[in-house]
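Here is a short report on one protein chain. Look over the sequence and the structure before reading on.

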Amino acid sequence: MRPSSASSRRRFFRESALWGAAAVFGAAGAAAPKAAASALPALSSVAGVKITRIRCHILQQQAMALVELETDAGVTGWGECAWDGRAVMKRMIDDFLAKECVGQSIHDVRRLWDWMFYENHDLGPGGALPNAIAGIDIALWDAKGRLLGLPVWQLLGGRYRDKVEAYGSIQVRRGRVSVEDCVRSCQEAVQLGYKAVKIRMQIREHFLNLEPDPTFAYVAAARKALGDDIVIMVDANNGYSAARAIQTGLKLYENWNVTYFEDPVSDQNNAEMAQVVDALQRVNIVAGEKCYTRWQIRDLIVQGRVGMLNPDVIKAGGFTELDRIHHLATCFQKPIQLHNSRPTISTAASVHAMATYSQVGRFIEYPHLTPELEAQIRLFRQDVRPRDGWLHLPTGPGLGLEPDPAALRAALAE
Ligand SMILES: [Mg+2]
């Protein structure tokens, strides 16, 4: 049966909003009230909803690449892309991907993902293309949820948990943030209720094997200030050769009980990654934030042998590809502990995803808030930042995160 017209769909959403669309298609197939049910159009009205417009907005003050996806039901979904490479991603979305999606059903998320990916494969299967697809894919799932009155986690298959423990992620930029400022940020995180912090050294391949290595001074000061009960993680951001990473990881573990060591070597070098994993059996070697697809994650698992995967929902193609990655990870008994550097849509989407995964690590990343990221939070009616160190699963339809129209209008006008 073909869907009814767009105007009847809009009428349906107005009517269903009066008593909550969730009640119409409620959990466990609960029967709708008789009087209301007779007034409802067939389910095919929902099934036929199509995408009418997709745009990427670059919000400079908020450091946010926001994706807006409109439908012929009058429901709008919101997504986010990674911030790095935003100008390229905006061109990809506005000039290529949007045209491929407009007119298509919002429910065909896997087919649309494959279409966007393979039709544009020559743009590169890693980096900007999956980042751009991620923004659209998250907006699609958000729109589907708003349409049905259900949160995304329910559409993804239901939850294993309703909250995820967050760790505070603090950047050091190879020493450009002082030891004192880093320790202060760590202490603020603990005061907010976090039981874990990550010190991001941001060494990078082109500063390989820094000498002297500033990492130890930061970690020693943080451990002294935080005591023994707080988990301290170190992100080398690809800054070591395998031999040096093994020495460093061992020293960090033995002296300051660093049990999570992220990207110790280049994430493009799985052979070296495997050497580190094999040598540091008592440390969680975490990697995957720059793996954008299931194939890269497969290589990281099989060749790099990492113990814990940290892909990012706004980089690795959104919910659809991340779900495939999770299924792959379960085959190898590898937990997922999502990378997450943004405090609104990315955070909400990450919690929805991790709530639905059977194999997860203890934590999820949450960024130390800069003024731009605080400004981003003010764009939305709900604030999904951690409470007492935990990120709670949003309960509203879609992502459970509603832009504030006035704040968004002002941000778009800047
Ligand atoms: Mg990292």
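## Helix 7 and helix 14

Are helix 7 and helix 14 roughly parallel or roughly perpendicular to each other? This is a predicted model, and in it the two helices pack at an angle of about 100 degrees. Angles from 65 to 115 degrees count as roughly perpendicular. Helix 7 and helix 14 are therefore roughly perpendicular to each other. Their axes lie 6 Å apart.

Helix 7 brings Pro130, Ile133, Ala134, Asp137, Ile138 and Trp141 to the contact. Helix 14 brings Gly318, Phe319, Thr320 and Glu321. By class, the contact of helix 7 with helix 14 has six nonpolar, two polar and two charged residues.

## The chain as a whole

The protein chain has 414 residues, and 48% of them count as buried. It holds 17 helices and 11 strands. Take the contacts between residues at least 6 apart in sequence: 75% of these join residues at least 24 apart.

## Helix 6 and helix 7

Helix 7 (residues 128-148) also packs with helix 6 (residues 109-119). The angle here is about 160 degrees, and the axes are 10 Å apart. Angles over 145 degrees count as roughly antiparallel, and helix 6 and helix 7 are therefore roughly antiparallel to each other. The crossing is right-handed.

From helix 6 come Val109, Leu112, Trp113, Met116 and Phe117. They meet Leu129, Ile133, Ile136, Asp137, Leu140 and Trp141 of helix 7. The contact of helix 6 with helix 7 has 10 nonpolar residues, no polar ones and one charged. In an α-helix there are 3.6 residues a turn, so residues three or four places apart point the same way.

## Helix 13 and helix 14

Helix 14 (residues 318-331) packs with helix 13 (residues 294-302) as well. Their angle is about 25 degrees, and their axes are 9 Å apart. Helix 13 is therefore roughly parallel to helix 14. Helix 13 passes helix 14 in a right-handed crossing.

Which residues of helix 13 meet helix 14? They are Arg294, Ile297 and Arg298. Their partners in helix 14 are Glu321, Arg324, Ile325 and Leu328. The contact of helix 13 with helix 14 divides into three nonpolar, no polar and four charged residues.

## Helix 15: an enclosed helix

How many of the 12 residues of helix 15 are buried? The count is 12 of the 12, so helix 15 is largely enclosed by the rest of the structure. The buried residues include Ile345, Val351, His352, Met354 and Thr356. The length of helix 15 (residues 345-356) can be checked too. At 1.5 Å a residue, helix 15 should span 16 Å; its end C-alpha atoms are 17 Å apart, which agrees.

Ile345 belongs to helix 15. A residue is buried if 20 or more other C-beta atoms lie within 10 Å of its own. Ile345 has 29 such neighbours inside 10 Å, so it counts as buried. Leaving aside neighbours within four places in sequence, Ile345 is in contact with Trp78, Gly79, Glu80, Ile138, Leu399 and Leu401. Ile345 and Asp142 are 203 residues apart in sequence, yet 10.0 Å apart in space, C-alpha to C-alpha.

## An exposed helix residue

Gln191 is in helix 9 (residues 179-191). Is Gln191 buried or exposed? With 8 other C-beta atoms within 10 Å, Gln191 is exposed. The C-alpha atoms of Gln191 and Asp388 are separated by 8.8 Å. Along the chain, Gln191 and Asp388 are 197 residues apart.

Most residues other than glycine have a negative phi, and most peptide bonds are trans. The next cases depart from that pattern. In the loop between strand 5 and helix 10 lies Asn209. Asn209 has a positive phi of about 55 degrees although it is not a glycine. Asn209 is partly exposed, with 14 other C-beta atoms within 10 Å. Pro212 is found in the loop between strand 5 (196-200) and helix 10 (215-226). A cis peptide bond joins Glu211 and Pro212, with omega at about -5 degrees.

Asp263 sits in the loop between strand 7 (260-262) and helix 12 (270-279). Its phi is positive, near 40 degrees. Asp263 has 27 C-beta neighbours inside 10 Å, so it counts as buried.

Notes
Residues numbered from 1 in each chain as written. Predicted model: local features only at pLDDT ≥ 70, side-chain atom pairs only at ≥ 80, totals over all residues. Axes fitted to C-alpha atoms, helices over the stretch in contact; angles between N-to-C directions. Helix = DSSP H or I, 4+ residues; strand = E, 2+ residues; numbered from the N terminus. Parallel < 35°, antiparallel > 145°, perpendicular 65-115°, else oblique. Left-handed = near helix turned anticlockwise from the far one by under 90°. Contact = placed C-beta atoms within 7 Å. Nonpolar A, V, L, I, M, F, W, Y, C, P; charged D, E, K, R; others polar. Expected span 1.5 Å × (residues − 1).
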